Amino acid sequence: MDSGDQVTDEQARQMYDLINERKELLVTGVKGMQVLKQVLAYAVRKAGVSIEWDPTTPVALRERMTIMSLSALQWSLAGAAAGLAVGVCTNRPGTWAGIGAGIAALLGMYQGHCAVTSGWRLRGFRDENGVEHVEIKVCALPSR
């Protein structure tokens, strides 16, 4: 699907229908993830689909997707507010709110990516005797 930067509701509906027909779909790459994000939003908004992570999904991938999405959402809200403030002065608040939200969402995704690739990672597990352990791993920290 050649979607440019945005997926229309009609394109999202078509992909949603395709997923329901085939019962599965593999998405790869950043562009694919962007399209998937819009299709999932359509599925929840229009079709009321409940979406859950498969428990066999590697934790690192779930963490990356969740943290990047939450960061993008948080930043886009601030970007929309800033864009709205600019837009009020130009009599185009909706346009500027959208621009601000889009730019801020990209910055938020980058910030989320940085958060996932640096810092401390904690992993809890139980050994064969049932004793609980927490493993700490320090990932590459940004230089200060």
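Let's start on the surface, where Trp75, Val86, Trp96, Ile99, Ile103 and Leu107 make up a nonpolar patch with about 530 Å² of accessible area together. Patch members have over 30% relative accessible area and no salt bridge, and nonpolar side chains (Val, Leu, Ile, Met, Phe, Trp, Tyr) are joined within 5 Å; a salt bridge is a side-chain nitrogen of Lys or Arg within 4 Å of a carboxyl oxygen of Asp or Glu. Areas come from the Shrake-Rupley method with a 1.4 Å probe, and only the protein chains shown count as cover.

This is a predicted model, in which local features need pLDDT of at least 70 and side-chain atom pairs count only at pLDDT 80 or more, while totals for chains, interfaces and linings use all residues. Residues are numbered from 1 along each chain, and side-chain values use heavy atoms, without hydrogens and water.

Helix 3 (59-90) and helix 4 (93-117) each supply at least two patch residues, and the largest share, four residues, comes from helix 4. Helices here are DSSP runs (H or I, at least four residues), numbered from the N terminus. Ile99 lies in helix 4 and counts as partly exposed because its relative accessibility is 38%; buried means under 20%, exposed over 50%, and partly exposed in between.

Now look inside. The largest nonpolar core has eight residues: Val7, Ala12, Met15, Tyr16, Val35, Val39, Tyr42 and Ala43. Such a core joins buried nonpolar residues through side-chain atoms within 4.5 Å. Helix 1 (9-22) and helix 2 each give two or more residues to this core, and helix 2 gives the most, with four residues.

Key. Patches are made of residues with over 30% relative accessible area and no salt bridge: like charges are joined within 9 Å, nonpolar side chains (Val, Leu, Ile, Met, Phe, Trp, Tyr) within 5 Å. Buried means under 20% relative accessible area, exposed over 50%, partly exposed in between (1.4 Å probe, protein chains only).
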